Amino acid sequence: METMEKLFQSNFKKGAYPFYESLRQHDPIFLMSQQQNQSSWIITKYDHVKELLKTQSFIKDQSKLFSTSPHDTPQDEMTTIFQNMMLDVDPPDHTRLRKLVQPYFNPKTIKNLQPRIEDIADLLIMEINNKKGKIDLINDFAFPLPIIVISELLGVPAEDRNKFRRWSNTIIAASDNMATDFVEDVQAFTNYLTRLFEERREEPQDDLISNLLQAEEEGEQLNRTELYSMIVLLIIAGHETTVNLIANTMYALFEHPRQMERLQEDFSLTENAIEEGLRYYSPVDFSTARWAEDDMEFHGKHIRRGDLVLASISSANRDECKFEQADEFDITRKDIQHVAFGFGIHFCLGAPLARLEGKVALEKLLSAFPEIRLDEQRQEPNWRAVFLLRGLENLYVNID
């Protein structure tokens, strides 16, 4: 059996799926580490993951269990704005915060964004056409598409998108204790938002930031730290996972030429191809942290109050007990009940937007570049060494 250190090696992503399969078969409630009185667990089976994600026995708010975070560092004074993210709180705060932004992400509202998303995709494809030859599909398409969309929805200047890329990369790396410029980048991010908030207070616009500022000024629905946390979360979650969704699904299609041919022959399969892409190469590898509120037995393992528990989304989505031929990529697969967007009350708010962006991206790319193919000089896939996510560093393709 593999050791826990393997989970944090830079090349872990390449061999992760056989490792997950081994865990599902031999140790599905996996004790990843044990330090003093706290254990950390990884849950790998589909049914167990769904149970973990929906039960109220595992909570998100550490303050209910610890007087300080079990992983406090001297930098934590700089991170107070990240302690009230909707992703990391429980009801009733979670319910209140989600209600504030839910109208912007319901399916009807998102459907109205389709013409604009298509226009952005067309513009990016025009820019790609001017380059010809080999391009990086991530830098030239998969990244700019969702960051422009979420920037416009929030009311953030699109020209600042590269700043967000750096800042979000730093924050995500910090979840792995890998960040080297954390304090500097967090300070830059908060300073940027402070200036932007001042501008919107003076001249409100028809955007999400202006509306959230109004809620913050009313003082009942949103406080200052929650405001910062909400915008940071929406910027990061609004593009990071969609970049992975687009690039991972395209990579899976390149790996499976017959599936690529099927999709190019029949674009009515696009939505199903997106769902299969979400299952096969899940953009989010692991759920964010949950904590056992009390001592409990969970499928044969004793989990103590304060233990950290993570759901392996990628493992659940390859569970052979749930999906026939789980390790095969099949865009005609029926009833793909993956958990790539989570489950329960923390189900991804942006799922309708991510799905639409993925659909537009695939159809636009494959229509504009029917001969698109992986660069012949490519090596093994260079998955990012980020514990929580599964995404490629780059994806070089030839378009002519």
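In what order do the five strands of the open sheet stand? The order is β1-β2-β8-β5-β3, and the pairing is mixed. Strands here, like helices, are DSSP runs numbered from the N terminus (H or I over at least four residues for helices, E over at least two for strands), and two strands pair if DSSP finds at least two bridges between them. The model is a predicted one, so to speak of its local features a pLDDT of at least 70 is needed, side-chain atom pairs count only at pLDDT 80 or more, and totals for chains, interfaces and linings use all residues. Residues are numbered from 1 along each chain as its sequence is written, and side-chain values use heavy atoms, with hydrogens and water left out.

Back to the sheet. Strands of a sheet pair through backbone hydrogen bonds, either parallel or antiparallel. At the edges stand β1 (29-35) and β3 (58-59); each has a single partner strand, so one side of each is left without a neighbour in the sheet. Further in, β5 and β8 (residues 308-311) run antiparallel and are joined by two bridges. Arg-290 stands opposite Val-309 in β8. A helix goes with the sheet too: α2 (residues 46-54) lies across β1, β2 (38-43), β3, β5 and β8, and runs at about 125 degrees to β8. That angle is taken between N-to-C directions on a scale from 0 to 180 degrees, using axes fitted to C-alpha atoms, for helices over the stretch in contact, where contact means heavy atoms within 4.5 Å.

Next come the charged side chains. Side chains of opposite charge can pair when their charged atoms come close. With a salt bridge taken as a side-chain nitrogen of Lys or Arg within 4 Å of a carboxyl oxygen of Asp or Glu, the count comes to 21 salt bridges. One of them joins Asp-285 to Lys-13, with the closest N and O atoms 2.6 Å apart. This pair links distant parts of the chain, 272 residues apart: Asp-285 sits in the loop between α14 (270-280) and β5 (290-292), and Lys-13 in the segment before α1 (16-26). Are these two partners buried or exposed? Asp-285 counts as buried because its relative accessibility is 0%, and Lys-13 counts as buried at 4%. (Buried means under 20% relative accessible area, exposed over 50%, and partly exposed in between, with a 1.4 Å probe and protein chains only.)

Another salt bridge is formed by Arg-116 and Glu-152, again with closest N and O atoms 2.6 Å apart. Arg-116 is partly exposed at 40%, and Glu-152 is partly exposed at 35%. Glu-265 and Arg-258 also meet in a salt bridge, at 3.8 Å from N to O. Glu-265 is exposed, with a relative accessible area of 60%, whereas Arg-258 is partly exposed at 44%.

A pair of aromatic rings is described by the distance of the centres and the angle of the planes. Rings of Phe, Tyr and Trp (its six-membered ring) pair if their centres lie within 6.5 Å; planes under 30 degrees apart count as stacked, over 60 as edge-to-face and the rest as tilted. The count comes to 22 aromatic pairs. Among them is the tilted pair of Trp-167 and Tyr-192, at 5.6 Å centre to centre and 55 degrees between the planes. Trp-167 lies in helix α8 (residues 161-174) and Tyr-192 in helix α9 (residues 182-202), 25 residues apart. Trp-167 is buried at 8%, and Tyr-192 is buried at 7%. Helix α9 also holds Glu-184, which counts as exposed at 55% relative accessibility.

Phe-341 and Phe-347 make an edge-to-face pair because their ring centres are 6.1 Å apart and their planes stand at 65 degrees. Phe-341 is buried at 9%, while Phe-347 is partly exposed at 32%. Ring pairs also link a cluster that includes Phe-12, Tyr-17, Tyr-251 and Trp-383. Tyr-17 has a charge over its face as well: Arg-318 lies 3.7 Å from the ring centre. Such a charge is NZ of Lys or CZ of Arg within 6 Å of the ring centre and within 35 degrees of the ring normal.
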